[in-house]
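Please report on this structure for a modelling group.

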Amino acid sequence: MTEIPRQPQRPRNCDLPRNIDLDPFSLDSDYIKRYLGELTPTQESRLLQLRKWIAELQKGKVPSDTTLLRFLRARDFSVEKAREMLSQSLLWRKKHQVDRLLSEYETPEVVRQYFPGGWHHHDKDGRPLYILRLGQMDVKGLLKSIGEDGLLKLTLHVCEEGLKLLEEATRSSEHAIQSWCLLVDLDGLNMRHLWRPGVRALLRIIQIVEANYPETMGRVLIVRAPRVFPILWTIVSTFIDENTRSKFLFYGGKDYLQPGGLLDYIPKDLIPDFLGGPCKSDIVDASLYVPSHYYDSVRRETIIYALCHCGVQRINVACNNMCNTVVRTVPSVSQIMVAPMHGCVFTRRVRVPRSSHSIMFSFVHEGGLVPKSLYVSGAFTERDGDPLSEDSIYKSVSLARGQVHEVVVHNRDPHSVLTWDFDVLRHEVYFSVFRSTKELQPPEQPAAGDESRSVLEGAGREGEHYHRVETSLLCHDGESIQGSHVMSSRGSYVLQWRCEGARGPDGAQLVYFHETLASHHYRGSMSSLQSATSGFSCLSGSSSCPSR
């Protein structure tokens, strides 16, 4: 391979100016416009005041002006409130050694294979763009593999990456870039994502991010929102700052392809292929992850090949005359070192075609269910004072052949939502949901060895006195099942698990949890979405959303 010429080291003044080099009692107008954006005289004065207070408090390294400004904006430029918020955040960063995350974080293998998210170029305003395919995310599998703290550390690593990308975006643009854009694809979202321990873990992560990375989210685009999404939004939205909520844009169905959709916010050639765009989503654009002062243009026929191991990536590069691929050079001309961003893990070769237009690539993994073989015993445990463990909300049931286990739910709130979540631990069971107009009594537990009787046996004939509202589902050993049903009428609803095929002394075993979501919460979530700044259209679909 022909030697790649080195780029001369750029002078230090190409970096963002640090406030330690500035007069602590004034701000240059050109500096403000270039690196901080438009500020009123009052906002400028309060930024200087906060800088002085923090310098006295820290007695050392002071956060950048962009950081100070983010905390001021989060507190409506109240210097006292911003100082308190920032002081707590600096203490948190020191306690948890957050400043070392980028250099020391090693991406777990399960994250590389099954976490459906990654950085993906930029939006039309030059903001770094992060894509999360939440509908393809196995929340339970990830938590049981890396634990809540592992998922939190992954999230913080993404946020730290985002801060570095904001610096690079500001350097390479003609104006200040102070926030990133988040695109959330909800295709595939169902009741599996409403697993209660997972939602609680998500809420904790949201609280930590809100407290320590304020005003970093410039825009949030929610696409392909299914009818189950309002339930999740009802739970989560109360934990999101009101100012951040105002930046959400929602699109149901294929509305995101219409005027007012993604094309208004993301360049057409950067819309990923799984959303109907031309951008291939399985290869990373190396230039996105390399600091601009390490850039070097090479002009040769190109094959990009990347490997990621323990946060280190190497890319073999030669470039087509027409492509001008941007890379960082290292002593070995056959290897290009790329900053260890978790979102650019990829393991396939791609030949860049000879073309006058570069084809844009990025890496956003499609996700999928995490194999139970990757679960780690004890990875997901209960926190002190927080009943997060499964033991506190899930019930265990053993069924011999011919036995049934039933849960009776009395509904007096039409249009409330009945949800369920269960794992089959041994053998197979049939799961069904029934509705009866009669007031059914909870079933009695059978004695050991006795065949249990269904509460429906005295309820009359099926199809006349009671109805099967969910088709029976055969659930196999090792499967995890989640679902919901909108209880449109008053009456008794029965969740039924029946063991028919198990032989031997062990029988079938499962753990389950069920919950009823009040109708006013469900309807309220719809109105809260529609009242936001939104391109959201009414969600529609069948009443039930079962999911394996």
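## Basis of the model

Domain bounds here come from an automatic or database domain assignment. This is a predicted model: local features need pLDDT of at least 70, side-chain atom pairs count only at pLDDT 80 or more, and totals for chains, interfaces and linings use all residues. Residues are numbered from 1 along each chain as its sequence is written, and side-chain values use heavy atoms, with hydrogens and water left out.

## The chain overall

The protein chain has 11 helices and 19 strands. Helices (H or I, at least four residues) and strands (E, at least two) are DSSP runs, numbered from the N terminus. Of the 548 residues in the chain, 52% are buried. Buried means under 20% relative accessible area, exposed over 50%, and partly exposed in between (1.4 Å probe, protein chains only).

Contact means heavy atoms within 4.5 Å. Among contacts between residues at least 6 apart in sequence, 80% join residues at least 24 apart.

## The second largest pocket

The second largest pocket holds about 1100 Å³ of space. Its lining counts 44 residues, and the closest to the centre are Leu132, Leu182, Leu202, Ile206 and Met217. The search runs on a 1 Å grid over the protein atoms alone. A pocket is an open set of points with protein on both sides within 12 Å along at least five of seven lines, whereas a cavity is a set where a 1.4 Å probe fits but cannot get out. Lining residues have an atom within 4 Å of a point. Grid points are joined across faces, edges and corners, and the volume is the space filled by probe spheres set on the points.

Which elements supply the lining of this pocket? Strands S2 (128-132), S3 (180-185) and S4 (217-225) each give at least two residues, as do helices H7 (139-172), H8 (196-212) and H9 (229-237). H8 provides the largest share, 8 residues. Domain 1 (29-95) and domain 2 (99-275) each contribute at least three residues to the lining. By type, the lining divides into 34 nonpolar, 5 polar and 5 charged residues. Ala, Val, Leu, Ile, Met, Phe, Trp, Tyr, Cys and Pro count as nonpolar, Asp, Glu, Lys and Arg as charged, and the others, Gly among them, as polar.

## Helix H8

H8 has 17 residues. At 1.5 Å a residue they should span 24 Å, and the end C-alpha atoms are 25 Å apart, which agrees. The expected span is 1.5 Å times one less than the number of residues.

The buried residues of H8 are Pro197, Gly198, Val199, Ala201, Leu203, Ile205, Ile206, Ile208, Val209 and Asn212. Their cover includes helix H3 (65-74), helix H4 (79-95), H7 and H9.

## Around H8

Leu232 sits in helix H9. It is buried, with a relative accessible area of 7%. Leaving out residues up to four places away in sequence, Leu232 touches Leu134, Leu189, Leu194 and Val199.

Glu215 lies in the loop between H8 and S4. Its phi is near 55°, a positive value in a residue other than glycine. Is Glu215 buried or exposed? Glu215 is buried, at a relative accessible area of 16%.

## Asp185 in S3

Asp185 belongs to strand S3. At 2% relative accessibility, Asp185 counts as buried. Beyond four places in sequence, its contacts are Leu132, Arg133, Leu134, Gly135, Val223, Arg224, Phe274 and Leu275. Asp185 and Gln136 are 49 residues apart in sequence and 8.6 Å apart in space, C-alpha to C-alpha.

## Strand S14 and its loop

Thr419 is in strand S14 (416-426). Thr419 is buried, with a relative accessible area of 7%. Setting aside neighbours within four places in sequence, Thr419 is in contact with Met191, Gly483, Ser484, Phe513, His514, Glu515 and Leu517. Glu515 is 96 residues from Thr419 along the chain, yet their C-alpha atoms are separated by 5.3 Å.

His427 is in the loop between S14 and strand S15 (429-436). Phi of His427 is near 60°, a positive value in a residue other than glycine. His427 is partly exposed, with a relative accessible area of 29%.
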